[in-house]
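I opened the model to look up helix packing. My entries are below.

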Amino acid sequence: MTVARWLSLVLPLLAVLAVGVRERDHASRAAALLAFVTAGIGIAALHEVARLAGWYAFTPVDGAYRGMPVDLWIGWAALWGPLPVLLRRVLPLPVALGLLLWVDAVAMPALDPLVRLGPHWLVGEVVGLLLVAMPAQLLGRFCADRRHLGVRTLLQVGVFTVLLLWLLPTLAFELGDGSWAGLTGLNHTGLLVVAQLALLAATPALAAVAEFAVRGGGTPYPWDPPRRLVTTGPYAYLANPMQLAAVVLLLCTAALTRSVALALAAVSAGAFGAAVAGPHERHDLRARYGDSWVSYRRQVRDWWPRWRPYTSGPPAVLWLDDDCGPCAAIWRMVARRHPVGLRIRPAREHQRVLWRAEYVGGDGHAERGVAAVARGLEHVHLGWAVVGWTLRLPGVTWLAQLVTDAMIAPPHPARPRGEPCPTPSNASLKAPSPPSANTASPASPPAPSPPPPE
């Protein structure tokens, strides 16, 4: 078994190294590393399912993680992750998956007695290829070739979520203390409260990921970064929203599972980010973005958020129908709070007919409907910004827009002043026109707004 374990580790790693030496593209190497991490996480999860389903098991040996030999785990991840990514130009994805199935079909029986196969082990192989190897390949290939930004962003979010909220805690429990019993022992109400608090803690990070994709054209992966400097969304308040959310989630998980080891891991991750990764990141960003980044970092901190947002460049514009009751109410609410770097203008003055509220950022990024109002809230202060980020979560925006269209303000063209607005609440919320614009900037205190319409 010792020879089988060494071969399972050495042969895939040598193959990856041999191909990696010939690959000169830095992006391809970084993508191969991400595919390795993805495959490793997926194989660990597949092992848990395989134990329950009886697909396969491993003979108890030293150097195992939850019964799976670590050397076999690493070799398997290298085979399913980086190797086909580095060979993607000669191995299309269907061919690569077919070869992986053939290699496993030959190797798994040959590893007996280290690997004990169940009667339906091939089912486990197919499930593993579809749910582990294929996502790892898609993520690695898309990142290497900078294709399908939305798909690779979603895949990265999935990978890092499983890593943060499942694999790292499980490793801490195996090597240190604590267990999942602290969470699994909660009743349904307790689990619902914990899930809501976790979503609240993760909201700034999820909004930051979306900001990287839609405003920066990149992803959170350090070697697949945004092409443009991102200072909007959560980054208008905090320079490290993703890192802070990750540390908070780990600390909360440690408290719920009573794991000192996980708490130390969270503190260590924060210290590493501040002392090691932080200086490297600052050097890289300064080299890429120059004075724009320097100006931004002078006013936005790493770990402690601003109360009012940082803005630069032209102000954003929020177009609202000032002759519509609900829209006028939103106008008054936002204007009274003196938003930073935001102008509010009547929709009837837009160059085309608007059927919903519209937000246009200083960089030209546009949102409509509920998402536009959520963007406007980001210009007020941190509390309202969190509300805006929550409204823009996947699924929440769709549901909020559905409710708005059905019960509050159905889509309608912005009409000349005086024509009735077809909204259920128009009669009660009908109000004179708000002021024609509201502008504020971080460089000078906002001018007092005209009295809002009553």
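I am working on a predicted model, where local features need pLDDT of at least 70, side-chain atom pairs count only at pLDDT 80 or more, and totals for chains, interfaces and linings use all residues. Residues are numbered from 1 along each chain as its sequence is written, and side-chain values use heavy atoms, without hydrogens and water.

**Helix α5.** I then listed its buried residues (under 20% relative accessible area, 1.4 Å probe, protein chains only): Leu-93, Ala-96, Leu-97, Leu-100, Asp-104 and Met-108. They pack against β1, α3, α4, β4 and α6 (contact means heavy atoms within 4.5 Å).

**α2 and α6.** The axes of α2 (residues 26-53) and α6 come within 8 Å and cross at roughly 160 degrees. That makes the pair roughly antiparallel (over 145 degrees, on a scale from 0 to 180 between N-to-C directions). On the α2 side I found, among others, Ala-31, Leu-34 and Gly-42; α6 brings residues including Gly-124, Val-132 and Cys-143. By class, I note 13 nonpolar, 6 polar and no charged residues.

**α7 and α9.** Here the axes of α7 (residues 149-175) and α9 (residues 188-216) come within 10 Å and cross at roughly 155 degrees. Leu-149, Thr-153 and Val-157 of α7 meet Leu-206, Val-209 and Ala-213 of α9. This contact has 5 nonpolar, 1 polar and no charged residues.

Note on methods. Buried < 20%, exposed > 50% of the residue type's maximum accessible area, 1.4 Å probe, protein only. Helix = DSSP H or I, 4+ residues; strand = E, 2+ residues; numbered from the N terminus. Nonpolar A, V, L, I, M, F, W, Y, C, P; charged D, E, K, R; others polar. Parallel < 35°, antiparallel > 145°, perpendicular 65-115°, else oblique.
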